[in-house]
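Visitor: I would like a guided look at this protein, please. Could you take me through it one question at a time?

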Amino acid sequence: MLGVMVDVSDAETTSTANATFRELSTLQSFAKKLLESGTVKMVIGYSQGYTSDRAMPAFITDPEKASSLIFDKRCFHNLTMYLKTAEIKCAGKIAIVVKGCDAKALNVLLLENQIKRENLVILGLVCIGVGDPTLEKCRICNVNTPPIYDELFGKPVPNKEWTSATFTRVKELEGKSQKELWEFWVNEFNRCIKCYACREVCPICTCTRCITDKNQPQWVPTSPHSMGNFHWNLTRAFHLAGRCIGCDECERSCPADIPLSLVNWKLIKQVFEKYGFIAGMSPDDLPPMSTYVEGEEEEFIK
């Protein structure tokens, strides 16, 4: 069964969800045709997990198994993370199912030449939120309709403007003193066990060899202690500045429940306020952190 999460308390949302539900009924047949015709070698989407409360990524090569595709509130995974793997890059042309936030990651990967557009068929899903209850990232999402797709399933929903509510969690931290902030992050980062799940699940962490894996010299201490944990988590956040699309998969995958998205959203907020830039809205928008415009202010070196 294909479906989306419905908030029955909101008539407009319910109407959108029902329309999306009807459109999504064609996803399986469309994916099957892509595989039968040889247009793609694989379809990456969602399927039923090993327990009833879970969905899991699906890598479908058999047209008859396209009927196993699902989409509902359990489908919070950002599937674009698999596009950076050597196995998928060697698989030939593939189709991938994307929500709005996933499509933003896709745009960043295209902009940075990590993947080739001609090797993709993008199956966009109009999404009004996933998770139970709705994830924080969904409550502030501005792209219910993917900003890039080849085939769209669901009735398009116009992009929303970011408001002050978008950065509520970040602003709560900004209201703390430096001492309070230090104590907060020491307490959070001390739980880090250096499993690097945040790196592995991030679609934008694309370095062939991560700085944490380099030991000549040793850039980042490998032991899970305060200094090394701060070094790792902040270095990774800075590497994502102007690139992070706010899918919050890093925080969801963290076994220590560290609010990693707070660091990322702080930088997202600064980039947005300074440059008016939102990562992933277009594969053609050059990111401000790697682009120089003649005549721009350089107050950071004054």
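Predicted model: local features only at pLDDT ≥ 70, side-chain atom pairs only at ≥ 80, totals over all residues.

Visitor: How far apart do the C-alpha centres of domain 1 and domain 2 lie?
Guide: The protein is divided into domain 1 (4-153) and domain 2 (164-286), with bounds from an automatic or database domain assignment. Their C-alpha centres are separated by 25 Å.

Visitor: How many residues does each domain give to the contact?
Guide: Contact here means heavy atoms within 4.5 Å. By that rule domain 1 gives 24 residues and domain 2 gives 27 residues.

Visitor: How much area do domain 1 and domain 2 bury between them?
Guide: Buried area is the accessible area (1.4 Å probe) that two parts lose on being put together, summed over both. On the domain 1 side, Lys84, Lys104 and Ile140 lose the most, together 25% of what that side buries. Of the area buried between the domains, 62% is on carbon and sulfur atoms, and the total is about 2000 Å².

Visitor: Which residue meets Arg243 in a salt bridge?
Guide: The rule asks for a side-chain nitrogen of Lys or Arg within 4 Å of a carboxyl oxygen of Asp or Glu, and it finds 1 salt bridge across the interface of domain 1 and domain 2. At 2.7 Å, N to O, the side chain that meets Arg243 in a salt bridge is that of Glu112.

Visitor: Which element gives the most to the side of domain 1 that touches domain 2?
Guide: Helices (H or I, at least four residues) and strands (E, at least two) are DSSP runs, numbered from the N terminus. Two elements give two or more residues to that side: helix H4 (100-111) and helix H5 (136-139). With 9 residues, the one that gives the most is H4.

Visitor: Which residue is joined to Pro217 by a cis peptide bond?
Guide: Most peptide bonds are trans. Pro217 lies in the loop between helix H8 (197-201) and helix H9 (226-239). Omega is about 5° in this cis bond, and the partner of Pro217 is Gln216.

Definitions and conventions
Residues numbered from 1 in each chain as written. Heavy atoms only, no water.
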